[in-house]
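Colleague: Could you walk me through the ring packing and the core of this one? I would like to go through it piece by piece.
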Amino acid sequence: PTSAQVSAVPQPGRFRYTLDNDVLTTEQRQFYEDNGYLLIKKLVSDEDIERFRKEFVRICKREVNPPGAMIMKNEALRSQYGQSEKVVNKVQDFQEDEELFRYCTLPEVLKYVECFTGPNIMAMHTMLINKLPDSDKQTFLHPMHQDLHYFPFRPASRIVCSWTAMERADQDNGCLVVQPGTHKEPLKPHSYPQWEGKTNKLFHGLLDEDEKSPRVHLVMEKGDTVFFHPLLIHGSGINKTSGFRKSISCHFASSECYYIDVKNTSQEHLEKELVEMVRKKYNMTSVELRDIWNFRARLVQGERINL
């Protein structure tokens, strides 16, 4: 079902990044316009989060093996802990896992997503992040970046990330850090940070980061959900605690968005790296960036138009 209240035409003048809706207050819309993110308290229930946590543990133990899911591990810990959540730091592309994918279809989440994308909604990219306790190596520090760097579709203002804390997230366990207002800036060049042995595959960061730009640490309780624009500069710190910091997220886009060619742009080297990875993993001879996204994308509300 699609609601008639949301107009898919951006209103000229005051609001560029949100659509007319009866969900957000004027203050909330204005906050997102100015800052590029909006935090909604206690949006996802404890019951749902517990179900996602149990499914994540089943994936870690290989009791379930969702097709197409990319399971990222810290191989150095494997000999110590074997197959367990103490080793897996991320499950990406869980669109084939019925239990985890429920997150992308929760009415309470989609109600907000629609304010940014309009009524025709695609779930494009899914992740469950399990930030492991970190050593001095700072393995799980995610450099400041813009998510649009990874996406070959536009327009950016019809894409939104929904990111839900599965337990309290604060500066001790590596909460999200955002630079408010940076969603108004263009997509900047990204690459691997120059950190000695501290980079994770495809964890690209901004090449020239403005250290003086104000930062906000998003302290979140279990079930709190932040919606943010794909150009918002953000990252996360290390987990200095002995526990895990879990979160579940999905990037949604209007199905009216369209694919772009990233050749001769700052995203071209990412395309090469991703295509190379997928070819190796699935033993495919020819695969294009658009094929990868078509494989990931799922319609969750309304009708499929372009994506």
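Colleague: Are Phe52 and Tyr103 buried or exposed?
Modeller: Both Phe52 and Tyr103 are buried, where buried means under 20% relative accessible area, exposed over 50% and partly exposed in between, with a 1.4 Å probe and protein chains only. This is a predicted model, in which local features need pLDDT of at least 70 and side-chain atom pairs count only at pLDDT 80 or more, while totals for chains, interfaces and linings use all residues. Residues are numbered from 1 along each chain as its sequence is written, and side-chain values use heavy atoms, with hydrogens and water left out.

Colleague: How many aromatic pairs does the structure hold?
Modeller: There are nine aromatic pairs, counted when the centres of Phe, Tyr or Trp rings (for Trp, the six-membered ring) lie within 6.5 Å, with planes under 30 degrees apart called stacked, over 60 edge-to-face and the rest tilted. One of them is Tyr32 with Phe116, a tilted pair at 4.4 Å centre to centre and 45° between the planes.

Colleague: Switching to the core, which residues have the most contacts inside the largest one?
Modeller: Tyr103, Cys104, Val109, Phe227 and Phe252 do, in a nonpolar core of 37 residues, meaning a set of buried Ala, Val, Leu, Ile, Met, Phe, Trp, Tyr and Cys residues joined through side-chain atoms within 4.5 Å. H5 gives the most to this core, with six residues. Another core lies apart from it and has 23 residues, including Leu148 and Ile292.

Colleague: Last topic, what is His251 in contact with, beyond its neighbours within four places in sequence?
Modeller: Its contacts (heavy atoms within 4.5 Å) include Met122, His125, Asp147 and Phe151. His251 lies in strand E14 (residues 245–254) and is buried, with a relative accessible area of 4%.

Terms used: Helix = DSSP H or I, 4+ residues; strand = E, 2+ residues; numbered from the N terminus.
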